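Have the model open as you read.

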Amino acid sequence: MKNIDWGKLSFSYTKTDYIVYSTFKDGKWGPAQLTSDFNIALSAYAGVLHYGSSCFEGLKAFRGVDGKVRLFRPEENAKRMVRSAKFLDLPAPSIEQFVEMCVMAVKANSEYIPPYETMASLYLRPLLIGSNPQLGIRSSSESTFLVMASPVGTYSGDKILVPGTAVVGRNYDRAAPNGSGSYKIGANYAQSLHPYNIAHNQGYRELLFLDAKTNSLIEEFGSSNFFAIKGNTYITPDSHSVLPSITNASLRTVAADLGMKVEMRPVPLIELAEVDEVNSCGTAVVITPICRIDDKIRLEDEQPSHVYKFTDECGEKSRKLYDQIIGIQKGLLDDRFGWILNVDC
């Protein structure tokens, strides 16, 4: 195991030893290869550089209480990448190839998997890009698939489950109703960077986007999905422009298993006045509690037009859901849903 101060890790890049890559060319995928050279060679005319033909995933490897290394639902990440690539008409790896290369990356960088007693993990970033030279506006015919790894701490750099604030900026949209919002492609994140910077500079942890059509329904946070707890009900938006989060889907399954009612439906912003707990959820954090959401007509405004306040601590039901997911990932609880892939490191 590498000599790293695991307690000081944040959700940021730490160089490991290897990346894994494979290239699709002449109608077939080449063999998966390990390299310690993190600088990839691309033509200046590569489609990804001109037309944004890229999609990516994020998943984690955990060292469990028993010392075993676990990947959490990698097949679901593989399926989502195939779906994103299909939207871009980009040659994609099979589910089997995706999982195989993720396992290969974990094994090659196993000395960077943090110890169980830390809240850290080995984050994997599978990336698919259009790599052939081109000039016209068309989908790439060749692609390169890479899997990178980096040990990470919590996304915010704070202790786990520390509530943060969020802001609604009604003058910015994340995705059009019939656009690319439900796919994990690079372009979706590029267009959120500017409003995210504004929100962060104002001291907010998160930026909450509304639907572009009516500007009244909750979509998702800039970095992750939205869910709320009302009584014994788990509520999350149902929208064609929201990314289908694997963490959110897992939380819904756990919530139902614990006897909670689960609702996927349109969620009006004004319903925030009636809920008990609000969270963002995703791979990087599982859950981040939100203690306040400021609604602004323009994100640049100094004062919000309305303020929604929630609990100053992680809510009781949200904490229970979090403990269930982390328990399965860390081997503290039985994998009763069949979500874990054990990796022999």
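A polar contact here is a pair of N or O atoms within 3.5 Å, where one must be able to donate a hydrogen and the other to accept it. Keep in mind that this is a predicted model. With that cut-off in hand, look at the start of helix H6 (246-257): Ser-245 caps its N-terminal end, with a side-chain oxygen 3.2 Å from the backbone nitrogen of Thr-247.

H6 itself runs for 12 residues and spans 17 Å from first C-alpha to last, close to the expected 16 Å. Its buried residues include Thr-247, Leu-251 and Arg-252. After the helix comes Gly-259, with a positive phi near 95 degrees.

Now for the spaces. The second largest pocket is lined by 19 residues, and Leu-243, Pro-244, Ser-245, Ala-249 and Arg-252 are the closest to its centre. Helix H2 (74-88), strand E13 (233-237) and H6 each give two or more residues to that lining, and H6 gives the most, with four.

There are also three cavities of 30 Å³ or more. Around the second largest cavity, Leu-59, Phe-72, Thr-247, Thr-283 and Gln-329 lie nearest the centre. Strand E5 (59-63), H6 and helix H7 (316-329) each give two or more residues to this lining.

Here are the two spaces side by side:

| Space | Volume | Lining by class |
|---|---|---|
| Second largest pocket | about 290 Å³ | seven nonpolar, six polar, six charged residues |
| Second largest cavity | about 120 Å³ | six nonpolar, six polar, one charged residues |

How values were computed. Residues are numbered from 1 along each chain as its sequence is written. This is a predicted model: local features need pLDDT of at least 70, side-chain atom pairs count only at pLDDT 80 or more; totals for chains, interfaces and linings use all residues. Side-chain values use heavy atoms; hydrogens and water are left out. On a 1 Å grid over the protein atoms alone, a cavity is a set of points where a 1.4 Å probe fits but cannot get out, and a pocket is an open set with protein on both sides within 12 Å along at least five of seven lines; lining residues have an atom within 4 Å of a point. Grid points are joined across faces, edges and corners, and a volume is the space filled by probe spheres set on the points. Ala, Val, Leu, Ile, Met, Phe, Trp, Tyr, Cys and Pro count as nonpolar, Asp, Glu, Lys and Arg as charged, and the others, Gly among them, as polar. The expected span of a helix is 1.5 Å times one less than its number of residues. Buried means under 20% relative accessible area, exposed over 50%, partly exposed in between (1.4 Å probe, protein chains only).
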